[in-house]
Amino acid sequence: MTASIFVNFPTTDLDRSKAFYEALGYRINPNFTDENAACVVLDDNLYFMVLTREFLGTFTDKQIIDPKTHAQMAVSLTCESREAVDEMLAKALAAGGTEPRPAQDYGFMYSRDLEDPDGNILGYLYMEPAAAEMGPEAYLAEQGAAPAGSA
């Protein structure tokens, strides 16, 4: 059996969240969507469950944080190219997301961060396939570049 990943996010406005994620090109699975939650399908095995804060609270005794002021986690998703990273951010910004910091270019990896309208943190990144296989230092050495952060 192939594993699936369901990432749960709190929201203060479920309809806004559904519209935001649909604007990014994802679809909503109506079989697992109601007035408390929306199942956002990223691909065959990756899903975001966007839950009202109240409903998310039924799954834990812990306090549900406000993602606009507290970071509990950041989810990073790969893209097929640097251009695809930029295209995803353009869609997200047009749909009401924000980019909390500038793009990061490490030579072997390019990434941009995004906050959805509730403040949940997503990252979109592209990594050179050879860097993923060899490791960043070996890849950069082969390219004749110094590793990020070195003098």
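This is a predicted model: local features need pLDDT of at least 70, side-chain atom pairs count only at pLDDT 80 or more; totals for chains, interfaces and linings use all residues.
1. Now look at Tyr-106: its relative accessibility is 33%, so it lands in the partly exposed class.

2. These two residues also meet through their rings. There are six aromatic pairs in the structure. In the pair made by Tyr-106 and Phe-108, the ring centres are 6.3 Å apart and the planes sit at 35°, so the pair is called tilted.

3. Next, compare that with Phe-20 and Tyr-21. Their ring centres lie 5.0 Å apart with the planes at 85°, which makes the pair edge-to-face, because planes over 60 degrees apart get that label. Phe-20 and Tyr-21 are both buried. Which residues do ring pairs link into a cluster? They are Phe-9, Phe-20, Tyr-21 and Phe-48.

4. One more ring deserves a look, that of Tyr-110. The charged end of Arg-82 sits over it, 4.1 Å from the ring centre.

5. On to strand β5, residues 74-78. Which of its residues are on the covered face, and which on the uncovered one? Val-75 and Leu-77 make up the covered face, while Ala-74, Ser-76 and Thr-78 make up the uncovered face.

6. Three lining residues come from β5, the largest share, and β3 (37-43) supplies at least two. Among the lining residues are Tyr-26, Leu-42, Asp-43, Ser-76, Leu-77, Thr-78 and Tyr-124. By class, the lining has seven nonpolar, two polar and one charged residues.

7. Finally, the largest pocket. How much space lies in it? About 350 Å³. Of its 17 lining residues, Asn-8, Pro-10, Leu-56, Ile-65 and Gln-72 are the closest to the centre. Strand β1 (residues 5-11) gives the largest share of the lining, three residues. Sorted by class, the lining has nine nonpolar, seven polar and one charged residues.

How values were computed
Residues are numbered from 1 along each chain as its sequence is written. Side-chain values use heavy atoms; hydrogens and water are left out. Buried means under 20% relative accessible area, exposed over 50%, partly exposed in between (1.4 Å probe, protein chains only). Helices (H or I, at least four residues) and strands (E, at least two) are DSSP runs, numbered from the N terminus. On a 1 Å grid over the protein atoms alone, a cavity is a set of points where a 1.4 Å probe fits but cannot get out, and a pocket is an open set with protein on both sides within 12 Å along at least five of seven lines; lining residues have an atom within 4 Å of a point. Grid points are joined across faces, edges and corners, and a volume is the space filled by probe spheres set on the points. Ala, Val, Leu, Ile, Met, Phe, Trp, Tyr, Cys and Pro count as nonpolar, Asp, Glu, Lys and Arg as charged, and the others, Gly among them, as polar. Rings of Phe, Tyr and Trp (its six-membered ring) pair if their centres lie within 6.5 Å; planes under 30 degrees apart count as stacked, over 60 as edge-to-face and the rest as tilted. A charge sits over a ring if NZ of Lys or CZ of Arg is within 6 Å of the ring centre and within 35 degrees of the ring normal.
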